[in-house]
Amino acid sequence: MPIALAAVLDTAAADPLRQTLHTAIDAGKPIRLDASGVERIGQACLQILAAAEAAAETAGIDFTIVGASPAFADMATLAALDTLLAA
C-alpha cells in the first residue's frame with residue numbers, strides 16, 4: 001500500500017516527511033509513495049525524497065514514487081531531481 005504524500009510539502013512538512021521515510025527504510029520493506037495529491041513541494045522535501053531514495057538503494061530496498069502530480073513533476077524537473085520520477 002503506497003504512502004500518500006501530503007498536498008503541501010513545504011519546509012514545515014520536511015521533518016515529518018523525513019521521519020516517515022526513515023521509519024519506512026528501517027522497516028526494510030519496499031517503499032511506494034503516492035505523489036498524485038501533491039499541490040506544492042519545496043526544495044527541502046525534494047532533497048529529503050532524493051536522500052531517502054539513495055538510502056533505500058544502499059539498503060537494497062525498492063523505492064518508487066507513483067502518480068506524480070503535475071506540480072510534483074514540474075518541481076522535480078526544475079530541481080534536476082527528475083530521477084525521482086523514474087519508475
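A residue counts as partly exposed when its relative accessible area lies between the buried limit, under 20%, and the exposed limit, over 50%. In this predicted model, Asp15 falls into that class, because its relative accessible area is 39%.

**Salt bridges**

Asp15 is one partner in one of the two salt bridges that the structure holds. Its counterpart is Arg18, and the closest N and O atoms of the two residues are 2.9 Å apart. Both residues belong to helix α1, and because they are three residues apart there, about one helical turn separates them. Arg18, with a relative accessible area of 40%, is likewise partly exposed.

The side chains of Asp10 and Arg40 also meet in a salt bridge, with an N to O distance of 3.8 Å. This pair links distant parts of the chain, since Asp10 sits in the loop between β2 (8-9) and α1 (11-27), whereas Arg40 lies in strand β4 (residues 40-41), 30 residues apart from Asp10. The relative accessible area is 29% for Asp10, which is therefore partly exposed, and 48% for Arg40, which is also partly exposed.

| Salt bridge | N to O distance |
|---|---|
| Asp10 and Arg40 | 3.8 Å |
| Asp15 and Arg18 | 2.9 Å |

Three strands make up an open sheet, arranged in the order β1-β3-β5 with parallel pairing. At its edges stand β1 (3-4) and β5 (63-66), each of which pairs on one side only. Strand β1 is joined by two bridges to strand β3 (residues 31-34), and the two run parallel; in this region Ala4 stands opposite Asp34 of β3. Helix α1, which carries the Asp15 and Arg18 pair, lies across β1, β3 and β5 and runs at about 150° to β3.

**Nonpolar core**

The largest nonpolar core has 27 residues, and those with the most contacts inside it are Leu49, Phe63 and Phe72. At least two residues of this core come from each of α1, β3, α2 (43-59), β5 and α3 (70-78), with α2 giving the most, namely seven residues.

Which residues does Phe63 touch, when those up to four places away in sequence are not counted? Phe63 touches Leu21, Ile31, Leu33, Leu49, Ala52, Glu53 and Ala56. Leu49, one of these partners, is itself named with Phe63 and Phe72 among the residues with the most contacts inside the core.

Terms used:
Residues numbered from 1 in each chain as written. Predicted model: local features only at pLDDT ≥ 70, side-chain atom pairs only at ≥ 80, totals over all residues. Heavy atoms only, no water. Salt bridge = Lys/Arg side-chain N within 4 Å of Asp/Glu carboxyl O. Helix = DSSP H or I, 4+ residues; strand = E, 2+ residues; numbered from the N terminus. Buried < 20%, exposed > 50% of the residue type's maximum accessible area, 1.4 Å probe, protein only. Pairing = 2+ DSSP bridges. Contact = heavy atoms within 4.5 Å. Axes fitted to C-alpha atoms, helices over the stretch in contact; angles between N-to-C directions. Core = buried A, V, L, I, M, F, W, Y, C linked by side-chain atoms within 4.5 Å.
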